[in-house]
Amino acid sequence: MTKLIGRRQLLRTGAAAGFATLAMPALLRAANDPIVFGHLTPRTGFLGPMGEYAVMAVDLAVEEINAAGGIDGRPLQVIKEDSVNPQTATTKAERLVERKDLALILGEISSASALSIAQVTARANKIFINTGANSDTLRGSDCKRTMFHTEAQNVMYVNAEGQYFLQNDLVKGKRWFLLSSDYAFGHDLRKGALAFLERHGGEVAGDELIPTDATDFSSHLLTIRSAKPDLIVVNLAGTSNASFLKQYGEFGLDIPLGGFDYNSSIAWATGAQDFKGTWPCVWTHQVQTEGSQAFAKAFMDKYGKPAENQAYSDYIAVRIAAEAIAKTGGTDTDALVAYLEDPTTEFDILKERKGRFDPATHQLLQEVYAVTALDPSEVTNEWDIFKTSAALPAGDIPLEELIKGAVGGACSFS
């Protein structure tokens with residue numbers, strides 16, 4: 001029997017059908033709309049050379065993710081901006097979080113800029129994955145519930161490199177001369193190095209803070225020559241490191257040197273003749289795992305040169321963020337924070353051991369490496385001017401050992 005439909009019901013049905021018709025394109029659009037990340041990193045200034053590697057790695061990661069079908073079928077889009085200083089970083093972060101479609105922000109190298117971005121994203125309740133700022137303070141007194149770190153923190157580098165210095169009799173009873181960059185990164189790297197030296201019975205021969213725009217180190221080298229230290233500890237940032245190493249070579253000094261921060265791009269810019277010492281690093285293209293070699297090859301194929309450590313950190317940050325969104329089924333910040341800080345959540349970070357975030361500080365717990373400059377006579381090409389150690393710490397030592405002794409204060413997410 002045919003059931004007649006009344007006028008009121010017809011209107012209700014028609015209205016529902018009309019709504020469905022209007023809504024469907026919007027739903028389809030949402031399902032196909034890109035997932036948007038913001039990427040802030042310095043591409044100019046003294047950190048610019050590393051920032052360029054970060055951008056190349058992000059482009060590669062996006063290309064690979066989208067070629068594999070995107071995130072739950074949605075394409076990934078990254079909006080990239082140059083954050084040349086903390087003021088610019090703040091302004092651009094504020095502009096990005098105003099976008100309704102922004103999922104999260106990642107990137108940065110400067111510790112001061114990373115803090116500025118973290119403050120903006122915390123207010124907006126958006127995730128920020130720091131890929132290049134080392135300061136312990138960002139994992140300590142300046143930590144944020146919404147901030148995570150794929151870059152290793154200063155104490156990890158101090159503990160790893162410190163073991164090398166201990167093994168080579170360069171600590172107990174020895175005199176160190178420290179040069180540190182005069183901003184957040186250098187300040188707490190210096191504190192960490194001094195604390196390590198004191199714990200192991202060493203002495204300070206000299207301790208100087210260097211402006212980030214310094215290019216002439218001749219007066220410092222004269223002071224070092226007079227002080228006659230057993231080890232020169234270079235905690236300079238970016239292109240300052242290359243300038244110092246080149247002038248160190250010109251002075252003809254023969255004092256062991258090293259430091260607690262390293263970038264392959266700076267070593268390459270310094271060149272085989274002047275690059276010296278041993279340094280800690282989060283990753284190099286020489287890491288012999290299947291995943292690392294696949295990334296190194298993909299980067300080389302795309303750009304014609306090896307990836308360096310900053311490229312690695314941004315590359316895995318994009319992969320981790322994409323995986324977290326896929327696993328939680330969306331971009332809800334609270335769900336993403338819970339997933340990322342869950343100690344049972346592990347990520348393939350292309351190393352021997354998987355990585356996981358420390359729930360107390362949101363630092364990615366991961367292996368690091370020691371990089372030692374080759375004698376120029378051993379160098380066979382412009383990229384392999386150093387050798388990379390086996391993973392640190394050794395496989396039977398918990399990764400948590402690397403974050404012991406941090407100097408940045410206590411973290412509270414409340």
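Biologist: Which residues is Pro306 in contact with, leaving aside its neighbours within four places in sequence?

Modeller: In this predicted model, Pro306 is found in the loop between helix 10 (290-303) and helix 11. Leaving aside its neighbours within four places in sequence, the residues in contact with Pro306 are Tyr53, Trp268, His285, Phe299, Met300 and Trp383.

Biologist: Is Pro306 buried or exposed?

Modeller: A residue counts as buried when its relative accessible area is under 20%. Pro306 has a relative accessible area of 4%, and therefore the term that applies to Pro306 is buried.

Biologist: Which residues form one aromatic cluster with Phe295 and Phe299?

Modeller: Phe299 is among the contacts of Pro306, while Phe295, leaving aside its neighbours within four places in sequence, is in contact with Leu60, Trp283, Ala307, Ala311, Tyr312, Tyr315 and Leu350. Several of these names return in the aromatic cluster, including Trp283, Tyr312 and Tyr315. Besides Phe295 and Phe299, the cluster is formed by Tyr53, Trp268, Trp283, Tyr303, Tyr312, Tyr315 and Trp383.

Biologist: Which element gives the largest share of the largest nonpolar core?

Modeller: The largest nonpolar core has 85 residues, of which Phe37, Phe244 and Phe295 touch the most other members. The largest share of this core amounts to 11 residues, and the element that they come from is helix 11 (residues 309-328).

Biologist: How many residues make up the second, separate core?

Modeller: Apart from the core in which Phe37, Phe244 and Phe295 touch the most other members, there is a second one that includes Met50, Phe196, Ala237 and Phe260. The size of this second, separate core is 21 residues.

Biologist: How far apart in sequence are the parts that the pair of Phe217 and Phe244 ties together?

Modeller: The structure holds 21 aromatic pairs, and one of them is formed by Phe217 and Phe244, edge-to-face with 5.6 Å centre to centre and 90 degrees between the planes. Phe217 counts as buried at 0% relative accessibility, and Phe244 is buried with a relative accessible area of 0%. Because Phe217 lies in the loop between strand 7 (203-210) and helix 7 (218-227), and Phe244 in helix 8 (residues 239-251), the parts tied together are separated in sequence by 27 residues.

Biologist: What is the geometry of the pair formed by the rings of Tyr339 and Phe347?

Modeller: Tyr339 counts as buried at 18% relative accessibility, and Phe347 is buried with a relative accessible area of 0%. The ring centres of Tyr339 and Phe347 are 6.2 Å apart and their planes stand at 80 degrees, so the pair is edge-to-face.

Methods. Residues are numbered from 1 along each chain as its sequence is written. This is a predicted model: local features need pLDDT of at least 70, side-chain atom pairs count only at pLDDT 80 or more; totals for chains, interfaces and linings use all residues. Side-chain values use heavy atoms; hydrogens and water are left out. A nonpolar core is a set of buried Ala, Val, Leu, Ile, Met, Phe, Trp, Tyr and Cys residues joined through side-chain atoms within 4.5 Å. Buried means under 20% relative accessible area, exposed over 50%, partly exposed in between (1.4 Å probe, protein chains only). Helices (H or I, at least four residues) and strands (E, at least two) are DSSP runs, numbered from the N terminus. Contact means heavy atoms within 4.5 Å. Rings of Phe, Tyr and Trp (its six-membered ring) pair if their centres lie within 6.5 Å; planes under 30 degrees apart count as stacked, over 60 as edge-to-face and the rest as tilted.
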